[in-house]
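Please open the model in your viewer and keep the selection panel at hand.

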Amino acid sequence: MSVLQTFLLVVDHDKQEAKQIAERVAQGNAARSLVIKDVSLGEYINDEDPILRGKAVSYLTAVIIALPPKFLTRQQTQVLTTFFCDRIEDGGAVTGLETLQKLDRFNKELAEEVARA
């Protein structure tokens, strides 16, 4: 079972365990200097079921929250901002945008994109 599948199974009934799963993924990524694309979202991120899709977005958001503040590059911040803006109706997207807005690499152009979304 993948880490994402485990997160999807526990997120509704054990928020603390879901948070810990995301933190472990973030710590693993930070320790190995992996890029955020290595957080595997599988087919869930494009699932037709909005609840399942929202949970996958929430997983990505939880991992981003757990990353060190300067971990994401400017380009990764831009890509994630665009992604969350495109998924604004999915669960976790707004929290993801709030998290990105707190980063030093979040700039005026990204703020304008969020406002348009």
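Is glutamate 113 buried or exposed? Select glutamate 113 and you have a buried residue, since its relative accessible area is 18%, where buried means under 20%, exposed over 50% and partly exposed in between, with a 1.4 Å probe and protein chains only. This is a predicted model, in which local features need pLDDT of at least 70 and side-chain atom pairs count only at pLDDT 80 or more, while totals for chains, interfaces and linings use all residues. Residues are numbered from 1 along each chain as its sequence is written, and side-chain values use heavy atoms, with hydrogens and water left out.

Next, show helix H6, where glutamate 113 lies; helices are DSSP runs of H or I with at least four residues, numbered from the N terminus. Leaving aside neighbours within four places in sequence, glutamate 113 is in contact (heavy atoms within 4.5 Å) with Thr81, Thr82 and Cys85. The C-alpha atoms of glutamate 113 and threonine 82 are 7.6 Å apart, although 31 residues separate the two in sequence.

Select Thr77, Gln78, Thr81, Thr82 and Cys85 in H4, which meet Leu110, Glu113 and Val114 in H6.

Key. Helices (H or I, at least four residues) and strands (E, at least two) are DSSP runs, numbered from the N terminus.
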